[in-house]
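Thanks for coming, everyone; please have a look at the sequence and the structure first, and then we will walk through a few parts of it together.

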Amino acid sequence: MYDAIVVGARCAGSPTALLLARKGYRVLLVDRARFPSDTMSTHYIHHHGVGRLESWGLLDKLKALNCPPIRKFTIDFGEFALAGVPPPVNGIEAGYCPRRLLLDKMLVDAAVGAGAELREDFTVQDVVFDADRVVGILGRAAGGPVIAEKARIVIGADGMHSRVARAVNAREYWRRPTLECAYYTYWSNVPIDGFEVYRSNRRMVFAAPTNDGLACIGVAWPIAELAAYRANVEASYLATIDQARGLAERVRAGRREVQFVGTAKLPNYYRRPFGPGWALVGDAGFHKDPTTASGISDAFRDAELLATAIDAGLSGARDPARALAEYERARNRETRALYKLYTTHISSLEPLMPEFMEYVRALRGNQPAIDRLLGVLVGAVPVGAVVSTRNMVFTMGVRGVGRALRTRLSRAVSFIARERTPPSIVPARVRAEYNRIAPMFLLGSALLFPHRARLIVREVIPRLGLKGGETVLDVGCGAGHNFPHLLAAIGSQGNLIGVDLAENMLALARRRVEANGWRNVALVLGNANDLDFLQPQSIDVAFYSLSFAILPDRLAALDTVARALKPGGRLVVIDWQPFSGWWRVMNPLIYLSMSGLPSSNTALFKRAPESAALVTQVFPNSEYREHYAGSLYVVIAASAPLGLQASLNEPVHAPR
Ligand SMILES: Cc1cc2nc3c(=O)[nH]c(=O)nc-3n(C[C@H](O)[C@H](O)[C@H](O)COP(=O)(O)OP(=O)(O)OC[C@H]3O[C@@H](n4cnc5c(N)ncnc54)[C@H](O)[C@@H]3O)c2cc1C
């Protein structure tokens, strides 16, 4: 019986095994590979990842792998380039780009040196349950019989296709579609100045020096152009390099040393990383587009967080589930802002937002600000510290602000910066306020809602093409004002699910349902940001009426709904927003009149414009319309076309 079995022995598994073994636990580390073993991955390690290797006593071993330190970063936007040196992280001033063949062997050896027992060529086939608790693994060495091994905890560090995650049915969240495909190879005689990135015409090129005087040079194309790329891998690769001014000449003078390696299997997801007797770490629990170049460094950080949590649980210092929940929270806190920035924007390879480019242009000549921005990319500086309204305004000066306002900078900032939850929309407060006003709600709403009802009946329902028998989710249903209109369209064969977080409001809805004898309405008391009960592809329409803009995490909500929508499903968002045009003069009055309403209404009003933009960005197939002098908008979005994920093929290795 082991204390821990770690499945997968690369960037996530070996450090986890090493840290647990060093704490005195009996650890079995297994991998179906035999090391040294290469894997599909370029291999830049950010400053914070290097810092972890240092704290584990492995920095000298990393340096001995003989790949040069990388201090300088250059990002060429086509029109101009920014170059600089990101600030150090805890005294670490450089990143490194060691071949995985060497790095992973170094990590495995370190785990064994710390006392972990290693089994190579060992494939895990399943986990063993005792009731609902994982108590071990089933697996076999190459050519050997299937055997069982038991442990107090089984850790899946087995990458994005994790067998452990599948066996325990780990819940996935914040999933985003694959955005790009990436191909790379190694060149000799191509000098690289630090880490070079070139971005233009929906293409990206990256280059970094690695071991043995080689340069690792890769390209990325949007996933929609995968077939065109694969039609001729070498020609596509070289044509992309040709767009990288300055690099192209060096590459043409160099020599390609190995075949191209590439993949289009680059999903973006988080998984719940723990449960009774099991945990996930590295790509098994969290995978994101490699444009971030942070999978390795993130795996190091999470190995440390997980080992600390497991130690707390196994030693009895803390409740194991609480310690592991803290691990999940810390992982998400550390990664969410960059995940959002890349998966909603940068990795799509679409032209960067004009507002953002305005800001980047304004940085030219301001070396400290450039270094800080580069610091965001290497994880040395929090996203919010650079991409915040205050900082942008400070950086751009008065003229820049004028230009930025014309290009709606604030909207761009709100996309990129960490989503901050204004105090007025913290769910507990919204719930308390709505519970308090519920008794007066029916009277107040008679004054406030006639426009909306008219709009829903005359425009929204016809545009939606709502049909008899469909299932509608009314999120933030309140007292059920929309129920009669929705039910009239879906008929007695359809299903309506109303969700609200205030029990007094839901009681009003329940009274309405009972009074009308509606049998096909289910009411759920719950937080709209946490719709765990929804099965994938189970609803036809998700309906947010005056509720979307006050969700604390709108991206997460869109993500959940995207998964719950059936093929051909639709999303509707209706929100109030400030008047535009001459009617703007009314806005102060509107704010004044809101003083008696729950404070979330003011937040809704302020956040509504960016909420609409967010929906249209996440659901490209959407239509936005304004009504009543721009003071009320309706976005109707169709769920993403299916089939894209299914068409992604296995990794391709094109011959030289
Ligand atoms: C094209 C590309 C470029 C990238 N570039 C970078 C970069 O520059 N910087 C960066 O930080 N990250 C980069 N990444 C991401 C990085 O490769 C991963 O985040 C990282 O490898 C995750 O490490 P891991 O240990 O979690 O998983 P993996 O490296 O996938 O290791 C999982 C291990 O589990 C083993 N395993 C799986 N199933 C079983 C089983 N059933 N039984 C036994 N063993 C099993 C496998 O053999 C493997 O050794 C890139 C990825 C890609 C695809």
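What covers the buried residues of helix H2? Before I answer, please keep in mind that this is a predicted model, in which local features need pLDDT of at least 70 and side-chain atom pairs count only at pLDDT 80 or more, while totals for chains, interfaces and linings use all residues. Residues are numbered from 1 along each chain as its sequence is written, and side-chain values use heavy atoms, with hydrogens and water left out.

The cover of those buried residues includes helix H3 (59–64), helix H4 (100–113) and H9, where helices (H or I, at least four residues) and strands (E, at least two) are DSSP runs numbered from the N terminus. The buried residues of H2 themselves are His47, His48, Gly49, Val50, Arg52 and Leu53, and buried means under 20% relative accessible area, with exposed over 50% and partly exposed in between (1.4 Å probe, protein chains only). Just after H2, Gly57 takes a positive phi of about 80°.

Let us turn to how H2 meets H9. Two packed helices are described by the angle between their axes and the distance between the axes. Here the axes of H2 (residues 47–55) and H9 come within 8 Å and cross at roughly 45°, the axes being lines fitted to C-alpha atoms, for helices over the stretch in contact, with angles from 0 to 180 degrees between N-to-C directions. That angle makes H2 oblique to H9, because angles under 35 degrees count as roughly parallel, over 145 as roughly antiparallel, 65 to 115 as roughly perpendicular and the rest as oblique. In contact terms (heavy atoms within 4.5 Å), His48, Gly49, Arg52, Leu53 and Ser55 in H2 meet Ser297, Asp298, Phe300, Arg301 and Glu304 in H9.

Finally, Asp474, in strand S20 (residues 471–475), counts as buried because its relative accessibility is 0%. Leaving out residues up to four places away in sequence, Asp474 touches several residues, including Asn482, Phe483 and Phe543.
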